[in-house]
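This report covers helix packing and the surroundings of a ligand in a predicted model. Please read it alongside the sequence and the coordinates.

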Amino acid sequence: MIVVMRANATEEQISHMTAQVEGLGLRAHVIVGAERTVIAAIGVKRDGTKESLAIGDGVADVVAISAPYKVASLEVKSERTIVEAGSLQVGGEQVGMIAGPCSVENETQIIDTARAIKKSGAHALRGGAFKPRTSPYSFQGMKEEGLQLLETARDATGLAIVTEVVATEDVELVARYADVLQVGARNMQNYRLLEAVGTTDRAVLLKRGPSATVDELLLAAEYILDRGNSRVILCERGIRTFEGHTRFTLPLATVSYLHHKTHLPVVVDPSHGTGHAYMVADMSAAAIAAGADGLIIEVHPDPENALSDGYQSLTFNSFEQLMIRCRKIADAVDRYL
Ligand code: PEP
Ligand code: MN
């Protein structure tokens with residue numbers, strides 16, 4: 001249910017209605033828009049809730065939210081959400097470019113990559129310190145040591161850090177180092193983890209599970225939003241299909257669909273989405289043309305010898321070329337990079 005306040009409603013009226021919503025046993029999410037403020041009232045409603053809220057001072061209307069996800073829905077907030085985290089901005093006119101290795105491997109690797117991607121114009125550095133690997137025998141990441149190296153890279157370049165958290169018990173540790181907490185595809189439906197990142201003050205990049213529908217992605221985002229963290233970035237990273245020529249199938253229609261349903265920004269991951277370095281620039285260009293608010297791309301100083309995902313990682317030079325191409329596409333769709 002949404003309590004729509006009048007355009008001229010006072011701060012007192014808004015806080016009074018927030019208290020009224022909470023008094024009815026519901027959670028209140030106050031969303032301040034350019035034209036008016038709305039209060040999303042989330043939870044199990046008693047009979048008469050709508051009527052009792054409708055007579056409040058400063059209330060223009062009380063309407064039901066038809067989508068299963070509530071706070072994420074465009075019905076609640078018609079203006080796009082811009083998520084800012086240090087040097088990264090996603091959801092505005094700028095296309096946010098996140099780049100870096102799949103895994104943090106050592107100091108030289110991460111610092112050299114941070115410097116190279118920054119020089120090419122990226123806005124944030126990605127790198128996994130905790131890696132969710134399909135095989136328990138694969139490299140699992142440098143853990144806290146990797147987080148410390150990411151911090152060194154931020155100090156050296158000023159780039160915001162995007163890094164994955166794989167377990168609820170690590171959220172506090174990873175949040176100490178990260179500007180953006182990445183929740184990986186395998187964890188999209190780990191609801192305790194979603195709640196835990198929802199209680200931090202860090203932005204969250206939520207990746208779509210390879211077998212999850214887009215509506216399930218939105219409901220997963222809702223877990224984070226409902227805990228009070230409004231800085232959620234959605235990420236399409238490809239899904240599992242019968243197709244074998246790519247690692248996953250990258251559906252760019254997700255971008256249009258999400259922009260039609262939610263105010264949250266949408267980022268595309270063409271590295272995991274294709275699994276082939278040679279396809280990454282083409283899919284990056286296509287994603288920006290389709291309206292993506294950002295990209296997350298794997299870049300490595302020596303892809304052939306990377307400890308994870310080398311086959312889909314770009315060299316510094318190919319990333320530089322990608323940026324040049326993507327700038328032209330961004331310009332053609334009234335964005336910039
Ligand atoms: C990654 O970003 O390196 C990663 C593990 O991604 P995903 O969760 O999309 O597989
Ligand atoms: Mn990877």
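Helix α6 (residues 191-198) packs against helix α7 (residues 214-226) at about 40°, the axes being 7 Å apart. α6 is therefore oblique to α7, where under 35 degrees counts as roughly parallel, over 145 as roughly antiparallel, 65 to 115 as roughly perpendicular and the rest as oblique. The crossing of α6 over α7 is right-handed, that is, the near helix is turned clockwise from the far one by less than a right angle. On the α6 side the contact (heavy atoms within 4.5 Å) is made by Y191, L194, E195, V197 and G198, and on the α7 side by A220, Y223 and I224. By class, this contact of α6 with α7 has 6 nonpolar, 1 polar and 1 charged residues; Ala, Val, Leu, Ile, Met, Phe, Trp, Tyr, Cys and Pro count as nonpolar, Asp, Glu, Lys and Arg as charged, and the others, Gly among them, as polar.

The model is predicted, with local features needing pLDDT of at least 70 and side-chain atom pairs pLDDT 80 or more, while totals for chains, interfaces and linings use all residues. Residues are numbered from 1 along each chain as written, chains are lettered from A and ligands numbered from 1 in written order, and side-chain values use heavy atoms, without hydrogens and water.

Helix α11 (residues 316-332) packs with helix α3 (residues 107-120) at an angle of about 25°, with 9 Å between the axes. That makes α3 roughly parallel to α11, and α3 passes α11 in a right-handed crossing. D112, T113, A116, I117 and S120 of α3 meet F316, F319, E320, M323 and R327 of α11. The residues of this contact divide into 5 nonpolar, 2 polar and 3 charged.

α11 also packs with helix α10 (residues 277-289): their axes come within 9 Å and cross at roughly 20°. α10 and α11 are therefore roughly parallel to each other, again with a right-handed crossing. From α10 the contact takes V280, A281, D282, S284, A285, I288 and A289, and from α11 L322, R325, C326, I329 and A330. These residues divide into 9 nonpolar, 1 polar and 2 charged.

Which residues surround ligand 1? They are C102, R126, K131, E164, Q182, G184, A185, R186, K207, R237, H272 and E298, each with a heavy atom within 4 Å of the ligand.

| Residue | Protein atom | Distance to a ligand 1 oxygen |
|---|---|---|
| A185 | backbone N or O | 2.8 Å |
| R186 | polar side-chain atom | 3.1 Å |
| H272 | side-chain N or O | 3.2 Å |

Note on methods
Axes are lines fitted to C-alpha atoms, for helices over the stretch in contact, and angles run from 0 to 180 degrees between N-to-C directions. Helices (H or I, at least four residues) and strands (E, at least two) are DSSP runs, numbered from the N terminus. A polar contact is a pair of N or O atoms within 3.5 Å; within protein, one must be able to donate a hydrogen and the other to accept it, and residues adjacent in sequence count only if both atoms are side-chain atoms.
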